[in-house]
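Opening the notebook on a new model today.

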Amino acid sequence: MNAMKLKRPGSADWKKLLMDNVLILVLLMMIVVIIVIEPAFFQWRVMKDILTQSAVKLICALGLMFPLLLGGTDLAGGRQVGLAAVIVASLSQTATYVNRFYPNLPNLPIIVPILITLLVVSVIGLCNGLMISKLKMAPFIATYGMSTIVYGINCLYFAQEPNRSQPIGGIREELTCLSSTQFLGVSLLVWIALAIALVVWFVLNRTTFGKHIYIVGGNQETAKVSGVNVPLIIIACFIIESCLVGMGGILEVARTGGANSGYGVSYEFDAISACVVGGVSLSGGVGKVSGALIGVIVFTIISYGLTFIGLNPNWQLIIKGLIIIAAVALDMRKNA
């Protein structure tokens, strides 16, 4: 009787495992160094702040995952966060607030400003999807142009009378309670982000639509031969992505209690970087929700930690840039 032989991981397997996780390991080592320098960093209060800050970033990263899985990107993601923040804030001010964006607007049910905001950003996603799928524009160019357009629209909207580009405040408690309310000692924002992550995981892993996303991202020609409606998948992914980053803008208003046209600057780059660090390939067809989650948490801990130990903000930018370059270089090598 022949005994079953267990396959032992060879050097090639270990090398691949190390290559896939080397950046995460380096970042974890950085976290250890931060804790050694400032032991007070390792406490529950700090961790709660990090989780709360990670919530909006995670939602944005989950949104950017969709175009990334297609082998594309969306450089308008951050500007959509800003537009969503300004729109929902302008429609959600208390009736007694002195500097109201719409002085005569009655208190709407809070779901109304949220739905209006998501509708606006979904139109932006639809435009991006149409430019890429029907006009065959490169995602980089199409979304860069859309980023400029969205920012211009946001500035015009923000500058109208009587607001005149003043920060929007006086947000109603029905919206801010999403951040101030805690469940099991953690902000409700965190639980909302985790719930959205669970829904995205289900869509990508348990639905035909999700499987088609990976097929299109792996090879569009193969997807067409297999009967996948490639244009529809692309359009749907960009609409979903816009709705998710729009939700990120809404929750950012809930967290900060206000908004201005500068909200969301560079959020798309942070989201893309977190995704790539977590193993989402820029080439398309490869990526997991768990990877995006890990990337966001690690990135936020690093950023928060460097500030916590008092590192010069300019050095923080350099370190952040090096991490991004390293993540992209490793991704290119793994998928070469």
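At what angle do the axes of helix α7 and helix α8 cross, and within what distance do they come? I looked this up first.

**Ground rules.** This is a predicted model, where local features need pLDDT of at least 70 and side-chain atom pairs count only at pLDDT 80 or more, while totals for chains, interfaces and linings use all residues. Residues are numbered from 1 along each chain as its sequence is written, and side-chain values use heavy atoms, with hydrogens and water left out.

**Helix pair.** The axes of α7 (residues 188-206) and α8 (residues 208-218) cross at roughly 70° and come within 5 Å. I took the axes as lines fitted to C-alpha atoms, for helices over the stretch in contact, with angles running from 0 to 180 degrees between N-to-C directions. α7 and α8 are therefore roughly perpendicular to each other; that label covers 65 to 115 degrees, with under 35 roughly parallel, over 145 roughly antiparallel and the rest oblique. On the α7 side the contact is made by Val203, Leu204 and Arg206, and on the α8 side by Thr208, Phe209, Gly210, Lys211, Ile213 and Tyr214. Contact here means heavy atoms within 4.5 Å. Helices (H or I, at least four residues) and strands (E, at least two) are DSSP runs, numbered from the N terminus.

**Confidence.** I checked pLDDT, the predictor's confidence in each residue, from 0 to 100. The chain averages 88, and 92% of the residues score at least 70.

**Core.** Which residues touch the most other members of the largest nonpolar core? I found Leu62 and Met65, out of 87 residues in that core. Helix α2 (residues 44-69) gives the most to this core, with 14 residues. A nonpolar core is a set of buried Ala, Val, Leu, Ile, Met, Phe, Trp, Tyr and Cys residues joined through side-chain atoms within 4.5 Å. Leaving out residues up to four places away in sequence, Leu62 touches Ala193, Ile196, Ala197, Val200, Leu244, Val289 and Ala292.

Ser54 lies in helix α2, and Thr300 in helix α12 (residues 289-308). Ser54 counts as buried at 4% relative accessibility, and Thr300 does at 2%. My cut-offs are under 20% relative accessible area for buried, over 50% for exposed and partly exposed in between (1.4 Å probe, protein chains only). The side chains of Ser54 and Thr300 are joined by a polar contact of 3.2 Å. That term means a pair of N or O atoms within 3.5 Å; within protein, one must be able to donate a hydrogen and the other to accept it, and residues adjacent in sequence count only if both atoms are side-chain atoms. Not counting residues up to four places away in sequence, Thr300 also touches Ile50, Gln53 and Lys57, along with Ser54.

Most residues other than glycine have a negative phi, and most peptide bonds are trans. I noted the peptide bond from Glu161 to Pro162 as cis, with omega near -5°. Pro162 lies in the loop between α5 (139-159) and α6 (173-180). Arg164 is in the loop between α5 and α6, and has a positive phi of about 55° although it is not a glycine. Arg164 is exposed, with a relative accessible area of 56%.
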